[in-house]
Amino acid sequence: MLRPALTEPMETIPDPERRLALAYAPDDGRRAALSALLALDAALADVMRTTTQPAIGQIRLAWWREQLAKLDQAPPPAMPVLAALAEQVLPRGVTGVALAKVVEGWEVLIEEETLDRDALSRFGVERGGQLFALAAAILGGDAGRAATLGQGWALADLMQHLDDRNVAETAGALARTALATRLGGVARPLGLLALSARLDLAQVAPGGPKRAARLAWFGLAGR
């Protein structure tokens, strides 16, 4: 069955906060690589947003998984997301097979009959944990800590789009646990994304002065 029942389209990162995180990535190609990784996540979220039939969703995600794995042996098809990954990410030591594993997180939402604690944990690990670990391999910093924060980031995002209150509360509890991980030692852009997720859980309104000031301080001081 198709999971989750969404209350609104999934938008993984508010544009201003995504731009802020990218601004703290070194402008030596690593910023473009991080942008390509985030674009992949957004493309997979778009599959969830635009798919109503589980079988179709599985086919679309399987296509992404296959195309990502193929990047290790062949040029990408004429699709901007795949082309950017091939140009910006693969030369930095990240394989197409590793990128394909990110798809597995999204498949949880389609394949699982019930989004219980275990299914939500796997979603967090395979979507956000894998994505942040790959980004850390490019940006530097503590990759293990980044992966844990990525799990929380993914779950905090999912929580905002679920219409089942009990599932949303479980996702939120898991997200809070993962996001309690210390931000120090993590690449600044990933720390900013994790902090953004923390602020979402605390219901600090996007665009407001309190949120902007907190993000700006972390950007400057790293804490």
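How many nonpolar, polar and charged residues are in the lining of the second largest pocket? By class, that lining has 6 nonpolar, 2 polar and 2 charged residues; here Ala, Val, Leu, Ile, Met, Phe, Trp, Tyr, Cys and Pro count as nonpolar, Asp, Glu, Lys and Arg as charged, and the others, Gly among them, as polar. Please keep in mind that this is a predicted model, in which local features need pLDDT of at least 70 and side-chain atom pairs count only at pLDDT 80 or more, while totals for chains, interfaces and linings use all residues. Residues are numbered from 1 along each chain as its sequence is written, and side-chain values use heavy atoms, with hydrogens and water left out.

**Pocket and cavity**

- The second largest pocket holds about 150 Å³ of space; a pocket is an open set of points on a 1 Å grid over the protein atoms alone, with protein on both sides within 12 Å along at least five of seven lines.
- Among the 10 residues lining this pocket, those closest to its centre are Pro16, Glu17, Gly207, Ala212 and Leu215, where lining means having an atom within 4 Å of a point.
- Helices α1 and α10 (209–221) each supply at least two residues of that lining; helices (H or I, at least four residues) are DSSP runs, numbered from the N terminus.
- There is 1 cavity of 30 Å³ or more, a cavity being a set of grid points where a 1.4 Å probe fits but cannot get out.
- The largest cavity has about 30 Å³ of space; a volume is the space filled by probe spheres set on the points, which are joined across faces, edges and corners.
- Glu17, Leu20, Ala21, Leu192, Leu193, Ser196 and Leu215 line the largest cavity, and the elements giving two or more residues to this lining are α1 (15–23) and α9 (188–201).
- By class, the lining of the largest cavity has 5 nonpolar, 1 polar and 1 charged residues.

**Helix α2 with α5**

- Helix α2 (residues 30–50) packs on helix α5 (residues 96–111) at an angle of about 25 degrees, with their axes 11 Å apart; axes are lines fitted to C-alpha atoms over the stretch in contact, and angles run from 0 to 180 degrees between N-to-C directions.
- That angle makes α2 roughly parallel to α5 (under 35 degrees; over 145 counts as roughly antiparallel).
- Leu37, Leu40, Asp41, Leu44, Ala45 and Met48 of α2 make the contact with Leu99, Val102, Val103, Trp106, Leu109 and Ile110 of α5, contact meaning heavy atoms within 4.5 Å.
- The residues of this contact divide into 11 nonpolar, no polar and 1 charged.

**Helix α3 with α5**

- Helix α3 (residues 54–70) and α5 pack at about 170 degrees, with their axes 8 Å apart, and are therefore roughly antiparallel to each other.
- The residues of the contact of α3 with α5 divide into 11 nonpolar, 3 polar and 3 charged.

**Helix α2 with α6**

- The axes of α2 and helix α6 (residues 117–139) come within 10 Å and cross at roughly 170 degrees, which makes α2 roughly antiparallel to α6.
- Arg30, Ala33, Leu34, Leu37, Leu38 and Asp41 in α2 meet Arg127, Leu131, Leu134, Ala135, Ile138 and Leu139 in α6.
- The residues of the contact of α2 with α6 divide into 9 nonpolar, no polar and 3 charged.

How values were computed
Parallel < 35°, antiparallel > 145°, perpendicular 65-115°, else oblique.
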